[in-house]
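Please find below a short note on the structure shown here.

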Amino acid sequence: MKGVLLSGGTGSRLRPITHTGPKQLVPIANKPVLEYALDDLIEAGINEVGIVLGDKGRTEIQEYFADGSEFGVDITYIVQGEPLGLAHAVGCARDFVGDDPFVVYLGDDMMREGIGDLVADLDPETYAAGIGLQEVDEPSRYGVVGRDENGDVTELVEKPENPPSKLALIGVYVFTPEIFEQIETLEPSWRGELEITEAVQGLLDGGRNVQSTVVHGWWKDTGKPSDVLHANRLVLDDIESDIRGTVEDDASLMGRVEIGVGTTVENGAVVRGPVSIGENTRIRSSAYIGPYTSIGDNCVIDNVHIEATVTMGENTITADRTIVESLIGREASVTTNEDKQPAGDRLVIGRNSSLEL
C-alpha cells in the first residue's frame, strides 16, 4: 500500500507565518508538522509516499524531505498547483497509486496514536474506502458521519445543525481506486473546490460500503497559531530529557528538556521543562524559558521570560519582556528599546500580524 500526503493549500489561517513558508514545515517541538504525518505512514508499514504539492512552499518541502532516503522511505512529488480542494489533490495522485488501495493523510494534521489500526482494518474486497473518525465536543463545526450497528458509514454531513453523531471526520482516509471515478463526477462546491466528502458520499450513493475506524489518542489540526501552540504543548507532554548540547555548571534545568547539538545554556539561565531547544542556539545568562516552549535552531535568547511559545528558528529575542503563548516566525527579532529615544515601542508589522502589548 502507498501513502499520499496532501501538502497543498495556502495556509491562510496561519498568516503571517505562511507568507514566507509552507504551513507543513511549521515546527512542533522542533519537527515539521508534515514529518509527523510521514512518521505515521512509515509506522503503518508504508514505504512509498507521494507528497502532493501546491504552488506555495514547493521548493522548501522538496529540499527538506528530498528523496526520502534520510527518513527510510521513497518519496515521489506530485504537483497539484492551484489548490482546488482535497478531492482534486487526491485525483492528482492517480498515476502514482495505480490500482492498489492507498492512504491519504492531510499534511497539517497530527495524531497521537498514529494510523496503524485504520490501515490494517480496511478490507478492500468489502469496502471501497475507510475513514478515520474521532469523537468531538462540538460536532456542528466538523464533517460528521452517521454509522450503522456494524460501524459502517451511512451518511456524511458537513457542519450539520443537527449532527447524526459526535463522530467527526479527521484528516486520514484509506481509498481503493474507485474513489477516482467519483472524483471525476464532482462539480466545485460553493467554496469553488472539489470536496472529498462529496466523493465519499458518491461511493455510498452508488451502493458501495465505507468503513469507519475511531482513532484514539489526540488529533490536532494545526491550521491556526493557537492550534500550533496547543499541538506543541501536547507533544512536549511526552518528551524525555535529551541533552546533546552544553549546559554550563550554574545553569538551572528543571523537568524534561531537549537540547540540540551545538546549543549552549549559559551560567545563570533557567530552563523549566517540558521544553525543546534546537541546534546551535545560545540561551544566555539572563534568560528564563518556561514550560511548553520550543526554541528553534540558531537562536539567541537573553534577558527575557518566555513561556508556552514556539520560535521557528534564527531568532534573536533579547527584549526585557515576558512573552507567553506566542508563535514567532523564522528570522524574527524581539529586542529591547530601553536606551532609545524617544521612548516607545518600534514596530515593523506585516499584513495579518497580531500583537497584544
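At what angle do helix H1 and helix H2 pack, and how far apart are their axes? The points below begin with this matter; the model is a predicted one.

1. Helix H1 covers residues 33-43 and helix H2 covers residues 58-65; the two pack at an angle of about 50°, and their axes are 12 Å apart. H1 is therefore oblique to H2, since angles of 65 to 115 degrees would count as roughly perpendicular and those under 35 degrees as roughly parallel. The crossing of H1 past H2 is right-handed.

2. The contact between these helices can be described by residue. From H1, Leu34, Glu35 and Leu38 meet Ile61, Tyr64 and Phe65 of H2. Of the residues in this contact, five are nonpolar, one is charged and none is polar.

3. Strand S27 (residues 316-317) runs parallel to S30 and is joined to S30 by two bridges. Within this pairing, Ile317 has Val334 in S30 as its bridge partner.

4. Another open sheet consists of five strands in the order S16-S19-S22-S25-S28, again with parallel pairing. Here the edges are formed by strand S16 (252-254) and strand S28 (322-324), each of which pairs on one side only. Three bridges link strand S25 (residues 305-307) to S28 in the parallel sense. Glu307 stands opposite Val324 of S28.

Key:
Residues numbered from 1 in each chain as written. Predicted model: local features only at pLDDT ≥ 70, side-chain atom pairs only at ≥ 80, totals over all residues. Heavy atoms only, no water. Pairing = 2+ DSSP bridges. Helix = DSSP H or I, 4+ residues; strand = E, 2+ residues; numbered from the N terminus. Axes fitted to C-alpha atoms, helices over the stretch in contact; angles between N-to-C directions. Parallel < 35°, antiparallel > 145°, perpendicular 65-115°, else oblique. Left-handed = near helix turned anticlockwise from the far one by under 90°. Contact = heavy atoms within 4.5 Å. Nonpolar A, V, L, I, M, F, W, Y, C, P; charged D, E, K, R; others polar.
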